[in-house]
Amino acid sequence: MTFHIITLFPEMFDSYLGESILKRAREGGFISVKFYNPRDFSADKHKTVDDKPYGGGPGMVMMVDPVLKAWEKAVSQNFVSKIFTHKKIKTYIFSPGGTTFTTQIAKHDAQEYSDIVFICGRYEGVDSRVKEITGAEELSIGGYVLTGGELPAMVVVDCMSRQIPGVLGKFESLEEERVSSHEMYTRPEHYTHKGKTFSVPEVLVSGDHKKIEAYKKGFSGN
Ligand code: SAH
């Protein structure tokens with residue numbers, strides 16, 4: 001899977017995508033992440049990428065042309081994977097009012113597409129004609145407003161990457177298929193804090209696998 005990220009701030013991604021599982025996934029060739037900065041596609045000498053909104057109102061809006069040029073560059077990169085996998089390309093534009101992102105969407109997209117383009121807004125957002133021209137779907141990561149689409153892009157790349165075979169280790173992927181609980185424990189079995197002892201639920205150390213599965217199911221909502 002190749003993720004194409006259109007952002008004014010590509011450096012924001014360095015630390016998150018450069019550690020742990022996502023780092024391994026990139027090094028192992030399971031995912032690839034490419035960046036396109038609208039500023040590099042700005043036509044004027046000041047590299048302007050935003051302007052005042054028509055109709056008034058506070059803040060600035062990202063202009064059509066630099067974002068669209070960045071998008072055209074991103075979609076032109078995908079022809080190789082398209083030929084070999086016959087998978088499709090999808091474009092999302094981040095917006096607090098868009099479709100709410102879920103694991104279900106991540107699973108679907110990881111199977112369906114070879115390339116996904118993310119357009120990260122900043123300021124008051126992106127000129128609406130970008131959505132119209134690119135056919136992008138608006139995607140939200142929840143009912144709150146952030147200062148930009150970069151965190152949403154990291155959230156979605158993270159979640160979709162876990163759905164790509166080989167990204168999680170064997171152990172972790174097996175866990176994913178099994179009933180798993182969000183209530184979990186590791187050593188020590190008994191932990192004392194300010195004179196009080198906190199113990200692992202007895203069922204988990206009982207060795208009775210049927211009871212353990214039933215206990216986990218009680219928490220998982222599966
Ligand atoms: N005036 C806009 C808010 C812009 S926030 C409005 O009311 O819709 C700036 C940018 O941050 C947005 O363009 C979007 O790309 C991103 N963003 C903020 N919150 C988000 C969320 N919950 N989910 C996805 N993207 C978000």
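A backbone N or O atom of Gly-121 lies 3.0 Å from an oxygen atom of the ligand, and two further pairs of this kind, each a polar contact (N or O atoms within 3.5 Å), are listed with it below.

| Residue (backbone atom) | Ligand atom | Distance |
|---|---|---|
| Gly-121 | oxygen | 3.0 Å |
| Gly-142 | nitrogen | 3.1 Å |
| Tyr-144 | nitrogen | 2.7 Å |

Taken alone the ligand exposes 570 Å², of which the protein buries 82%, with areas from the Shrake-Rupley method and a 1.4 Å probe. The model is predicted, so that local features need pLDDT of at least 70 and side-chain atom pairs count only at pLDDT 80 or more, while totals for chains, interfaces and linings use all residues. Residues are numbered from 1 along each chain as its sequence is written, and side-chain values use heavy atoms, without hydrogens and water.

The ligand is surrounded by 18 residues, the closest being Phe-94, Glu-124, Ile-141, Tyr-144 and Leu-146, where a residue is near if one of its heavy atoms lies within 4 Å. Strand β5, a DSSP run of E with at least two residues, gives the most to this shell, with three residues.

Most residues other than glycine have a negative phi, and most peptide bonds are trans.

How values were computed:
Polar contact = N/O pair within 3.5 Å; in protein donor to acceptor, adjacent residues only side chain to side chain. Helix = DSSP H or I, 4+ residues; strand = E, 2+ residues; numbered from the N terminus.
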